[in-house]
Structures are given as structure tokens and as C-alpha cells.
Amino acid sequence: MSNLKKFHESWSHPDYRPTTVNEGDLRALEKNLAITLPASYLSQLLEVGLPSPTARLWDWLSEKANRHFKWLNRFPPLALILPERAPHLADFHHPTDVQKALVWREAGMPESLLPFANDSSGNQICFDMEALRGGSPWEAPVLFWDHDFLTTTKLAKSFDAFLKLYLP
């Protein structure tokens, strides 16, 4: 079972099916931006679609963050080895809306980022576009762009690894 399907089953309301994504929309996005989307992103979106997480995900992330900070308060050097906390994922952008999300460049988002989701504060979760250019990338890093501080942080080495941040 794919991690996107596990994500959907863990965090979406059972009465709401994921939004269907068709291959034509994904290929049009690739063509319009002259990129190749990561293999795990393509395959999982085509298989599952786009889930709509509920607030239960945010509750779970908040509990997880509290445990994270308790460890950091006890052992500050752990900050050097603990992974970044996962942002409060709100929505995945449909491939037809990804290009619309590029409007964030006007607010300071680097041109090298391609948003595919956003958090509950409107910050963007992105692929590194440089990794998507010039070939057929097996995977691409997933980055978090904070629109308040204009900072970019690496969240995961791939879309699949990114999804694992949200699995119980």
C-alpha cells in the first residue's frame, strides 16, 4: 500500500474520497514548466488522488511536537540530530492549481521552488525545481517555504519520505 493511501486512510474522513488526478493534468504541468515530476509523486497521485486531511492530523502533529520539545528541553544537543518537525499540512494543490501557487514568488518565494501543498498558515510545501529539470528524476527533495520569515527548510529527500512524516 502506498504512503499516500495510508495518509488518506489515517487522516481523511471516510466519507470523502480523494480528489481524482488524471495523467493529462500532470503531463501538462510538466510540459508548461519544462520539468519532470518525481516518480513517487506521479504514481501515488494517479493511484490514490489528493486526500483532504481533517483536523485530526493537526491534533496528532501537535501532540508529536509537544513530545519533540520535551526531549529538546531535556537534551538540547538533540536539536542537531532530530529531524525537522512536520508542518501542519492543510491541502495538496491539484496539478491544475500548482502553477497558480507560483504567485507566491511575488511574496518572496524562490524561483527554484514548485509548491505542491500548503500548511495551515499558507506556507508552501515544495519540490526543488532544479532537481526536476533536465531529465527524469527518480525523486526530488521536499522543501518547506515559510512566507513570514522567507526561509526554506528541507523536510525530506523525496515525496514518499515526506508522506512518512505524517504516518502514525
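A salt bridge here is a side-chain nitrogen of Lys or Arg within 4 Å of a carboxyl oxygen of Asp or Glu. The model is a predicted one, where local features need pLDDT of at least 70 and side-chain atom pairs count only at pLDDT 80 or more, while totals for chains, interfaces and linings use all residues. Residues are numbered from 1 along each chain as its sequence is written, and side-chain values use heavy atoms, leaving out hydrogens and water.

Side chains of opposite charge can pair when their charged atoms come close. Six salt bridges turn up in the structure. One of them links Asp 97 with Lys 100 at 3.2 Å, N to O. Both residues sit in helix α5 (residues 95-101), three residues apart, or about one turn of the helix; helices are DSSP runs (H or I, at least four residues), numbered from the N terminus. Lys 100 counts as exposed because its relative accessibility is 58%, whereas Asp 97, at 30%, is partly exposed. The cut-offs are simple: buried means under 20% relative accessible area, exposed over 50%, and partly exposed in between (1.4 Å probe, protein chains only).

Helix α2 (residues 23-33) holds another pair, Arg 27 and Glu 23, four residues apart, about one turn of the helix. Their side chains meet in a salt bridge of 3.2 Å, N to O. Arg 27 is partly exposed, with a relative accessible area of 39%, and Glu 23 is partly exposed too, at 41%.

Arg 105 and Glu 111 also pair up, at 4.0 Å, N to O. Arg 105 is partly exposed at 25%, while Glu 111 is exposed at 58%. Shared partners, finally, join Glu 23, Arg 27 and Glu 30 into one salt-bridge network.

Technical notes: Helix = DSSP H or I, 4+ residues; strand = E, 2+ residues; numbered from the N terminus.
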